[in-house]
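Visitor: I am new to reading protein models. Could you walk me through one, feature by feature?

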Amino acid sequence: MSKIDDRLEELGITLPSAPPPIGSYVPAVRTGNLVYLSGLGPGRREDGTPWAGKVGSDLTLEEGNEAARSTGISILARMK
């Protein structure tokens with residue numbers, strides 16, 4: 001295991017399988033030490049409904065944090 005895998009395990013984060021592309025695009029491109037990602041967002045809530053709206057008017061701060069965390073985990077899964 002790498003340091004990153006060890007840290008994710010320590011935090012209780014399990015990376016899901018990277019989501020497949022929904023459309024006709026390249027999900028990731030690496031050029032040098034940069035990786036460009038596309039097509040990633042917060043996905044769905046635990047109850048299966050999509051995240052939608054603005055924090056403060058449609059989502060609470062806690063819901064916004066959950067959506068951001070979900071997006072971050074999706075990014076890590078795609079990078080791996």
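Visitor: Which residue takes a positive phi in the hairpin of strand 1 and strand 2?

Guide: Good place to start! Keep in mind that this is a predicted model. In that hairpin, 2 residues sit between the strands, and G32 has the positive phi, near 65°.

Visitor: How many bridges join strand 1 to strand 2?

Guide: There are 4 bridges between strand 1 (residues 28-31) and strand 2, and the two strands run antiparallel. As one of the pairings, A28 stands opposite L37 in strand 2. In general, side chains in a regular strand alternate between the two faces of the sheet.

Visitor: Now the helix. Which residues of helix 2 are buried?

Guide: First, the general idea: an α-helix has 3.6 residues a turn, so residues three or four places apart point the same way. In helix 2, the buried residues are G64, A67, I73, S74, A77 and R78. These buried residues pack against strand 1 and strand 2.

Visitor: Why does S74 count as buried?

Guide: Buried means under 20% relative accessible area. S74 counts as buried because its relative accessibility is 14%. Leaving aside residues up to four places away in sequence, S74 touches L40 and G41.

Visitor: And where in the chain is confidence lowest, and where is it highest?

Guide: Where pLDDT is low, the predicted coordinates should not be read in detail. Here, confidence is lowest in helix 2 (residues 61-79), with a mean of 90, and highest in strand 2 (residues 34-37), at 93. For the chain, the mean pLDDT is 88, with 98% of residues at 70 or more.

Note on methods:
Residues are numbered from 1 along each chain as its sequence is written. This is a predicted model: local features need pLDDT of at least 70, side-chain atom pairs count only at pLDDT 80 or more; totals for chains, interfaces and linings use all residues. Side-chain values use heavy atoms; hydrogens and water are left out. pLDDT is the predictor's confidence in each residue, from 0 to 100. Buried means under 20% relative accessible area, exposed over 50%, partly exposed in between (1.4 Å probe, protein chains only). Contact means heavy atoms within 4.5 Å. Two strands pair if DSSP finds at least two bridges between them.
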